[in-house]
Amino acid sequence: MQCPLDQMIAAEEREELSRAIQCLPENERLVLRMVTLHGISESDTARCMATPRIKVRQALARANGMLRARLS
């Protein structure tokens, strides 16, 4: 079980990540949520978005790069 301080830090980190995700452009945010948070495959995400899989992969890479930069 986490101590209260650890729980507070974890909650703050989740909030910071949530804010960073909200700052992403819409397409990158959608791809990140579908693939990373909901576990939908890149192929299925591409099919749902009616876009080539490479575009999903590129958007995911951009989203991850933007998040790394914002959170560092």
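**Surface.** I looked up the surface first: the protein chain of this predicted model exposes about 5,200 Å², and carbon and sulfur atoms supply 55% of it. The areas come from the Shrake-Rupley method with a 1.4 Å probe, and for residues only the protein chains shown count as cover.

**Ground rules.** I noted that residues are numbered from 1 along each chain as its sequence is written, and that side-chain values use heavy atoms, leaving out hydrogens and water. In this predicted model, local features need pLDDT of at least 70 and side-chain atom pairs count only at pLDDT 80 or more, while totals for chains, interfaces and linings use all residues.

**Elements.** I found four helices and zero strands in the protein chain, in the order α-α-α-α from the N terminus on. Helices (H or I, at least four residues) and strands (E, at least two) are DSSP runs, numbered from the N terminus.

**Dimensions.** I checked the radius of gyration next: the protein chain has 14 Å, whereas a compact globule of 72 residues would have one near 11 Å. That radius is taken over C-alpha atoms, and the globule rule is 2.2 Å times the number of residues to the power 0.38. The C-alpha atoms fill a box of roughly 45 × 25 × 15 Å along the principal axes.

Of the contacts (heavy atoms within 4.5 Å) between residues at least 6 apart in sequence, 51% join residues at least 24 apart.

**Arg 29.** I then turned to Arg 29, which sits in helix H2 (residues 26-37). Is Arg 29 buried or exposed? Arg 29 counts as buried because its relative accessible area is 18%. Beyond its neighbours within four places in sequence, Arg 29 is in contact with Ile 21, Gln 22 and Leu 24. Its side chain reaches the backbone oxygen of Leu 24 at 2.8 Å, and I kept the rule for a polar contact beside this: a pair of N or O atoms within 3.5 Å; within protein, one must be able to donate a hydrogen and the other to accept it, and residues adjacent in sequence count only if both atoms are side-chain atoms.

**Thr 45.** My last stop was Thr 45 in helix H3 (residues 42-49). Thr 45 is buried, because its relative accessibility is 0%. Not counting residues up to four places away in sequence, Thr 45 touches Met 34, Val 35, Ile 40 and Val 56.

Conventions. Buried < 20%, exposed > 50% of the residue type's maximum accessible area, 1.4 Å probe, protein only.
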